[in-house]
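Reader: Could you help me learn to read how the parts of a protein model touch each other?
Author: Gladly, let us look at it together.

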Amino acid sequence: MVEETNQGNGPVGTINVLDPSPLNWLYITYNTVEELVRATPDGTIEPAAMEDYRWLDGGYTLEVNVREGNRFPDGEPLNAHSVKRAFDEVMLWASPHPPGTQFNFAAGTTLEVTGEHSVRFHFPEPDGQALGKLRAMHVMSTAFWEGPGFGYERQGSGEGHW
Amino acid sequence: MAITQMDPFAATWLQLEDRTPRVRLTANPDYWDKDRGPRLREIVLRNDLPFEEALDLVCTTEGEVDVLSGVSPADAEKIETSEYAKLVATDAVFAVAGVINRDAEGLPLADRRARLALNLAVDRDRLVRETMFGRATPLAGLAPPAAVPEEGRLNPHPHDASRAAELWSEAGGAERPLRVAVLGDLEDVARAVAADLEGSLGVGVDVVVYRGEEELPVRRRLAEKKLAQGWDILILGHGAQFAESVVAELHRAFVGATGEFRAGPVVPEFESLFVELAAKTTPPEQAEVSGRIDRFVRDEALALSLCAPQALYAVNRHVDFTPYKTSFEFAETSVDNEHWSRR
């Protein structure tokens, strides 16, 4: 029985975990990286770095407001430009995600920065699965992109390393 | 990488593991969402122990293993009777199902009646009760019940051995034994399914198990679809990242044009429904079309629907762990004052 937790007092304690899942690499990413959306324990989508969103133009445009005041651990602000950088990076690759191309945005998708904390995704066809795909678009700091990247430094490519 | 189609490009990656012995995750105390977490200062992911040793350690010691994922139903009782660990379970958004090879030579699996016969031949209730130790739910189509609101859940195919035999015979029956292949640690499921098929359809069934690196050529051949498959039914497990995206991940994978597990021709009716789903942007609309897709897959017997297992964890008694239905995350996890790391 857990009698007392540390909630409200800052992080405390260490645990040792063994996870034989072949998706262990992905779970490490989910535990350490910010995305526009994340999963709840029930498995449903909820906003993370995204404050809110709305669909426009019959599903051709997704407008996202980015949460204000969010920062990467190195202090850099996480804003619309961070989202744009993440989008530009993921769109470099034909098959960035190991599970497969089902998490890709369609070729021809563009992202427009409409404010310091707002962006619009423009899709060539309506993409009702786009919200879920946002979890596969990891939003990272400038130091990350210009350092290790997703396989950039070690492999010389982001294909299959997101 | 295995390429399924070139235009539009569709591919999946075939992974080999090369894990660091220990990976240390350190909390960011400045994270904006204080209500969520992190509540732990540090998480150490251990890759330096075999699973069986980790299971013994979490059940008999403290300070070695606090959370062990991937627990099999057969090991649940050992944890429940342990002095040091407790069993944590959640109904996962994960399906165990058979890919039906609709191109199999010498079998009528392109015929819906034959595929329906396979589904009617399997006793899912017994599979759940005996093979999965009650820690799973029968599957209707491919959508795990945890991803579907209760009012939208379909009924699984019943176990009806005599109707299965009739349909199998009407479709032309078998000129040779069925070849049931299985990936990973689902051999017990494959053996139970094989026994049901033999008993209901009166056919011989050969079971082939592919483990570890043996899986890779099987997965590649299936994803690429250029060479004939060496099996008639391939049993595997597959999950989704979100409950809302279960059709895009599970149904697409097993049946869709871009599906890495599809074995047989593209199904135009399925593709039409999938295009319809892509155009829906509100959760109620998406749930409605997703439900129709799952019903179509069940009614056309486009997969051998089996069960949705629970995700099981062995957790140290002083750890408050929140399981996720689609993932494995620790933001909400905390330890009490008696935990070894706080004494």
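**Strands, chains and domains**

Author: Strand E1 (residues 14-18) of chain A runs parallel to E4(B), and four bridges join the two. Strands pair if DSSP finds at least two bridges between them. Strands (E, at least two residues) are themselves DSSP runs, numbered from the N terminus. This is a predicted model, in which local features need pLDDT of at least 70 and side-chain atom pairs count only at pLDDT 80 or more, while totals for chains, interfaces and linings use all residues. Residues are numbered from 1 along each chain as its sequence is written, and chains are lettered from A in the order in which they are written.

Reader: Which residue stands opposite A:Asn16?
Author: That is B:Val44, in E4(B).

Reader: How many residues does each chain bring to the contact?
Author: Two residues are in contact if their C-beta atoms, placed from the backbone, lie within 7 Å. Here chain B brings 70 residues and chain A brings 51. On the chain B side, strand E4 (residues 42-46) gives the most, with five residues.

Reader: What about domains within one chain?
Author: Domain bounds come from an automatic or database domain assignment. Chain B is divided into domain 1 (20-30 + 37-91 + 310-335) and domain 2 (94-309). Their C-alpha centres lie 31 Å apart. Ten residues of domain 1 of chain B are in contact with 15 residues of domain 2 of chain B.

Reader: Which element gives the most to the domain 1 side of that contact?
Author: E12(B) does, with three residues.
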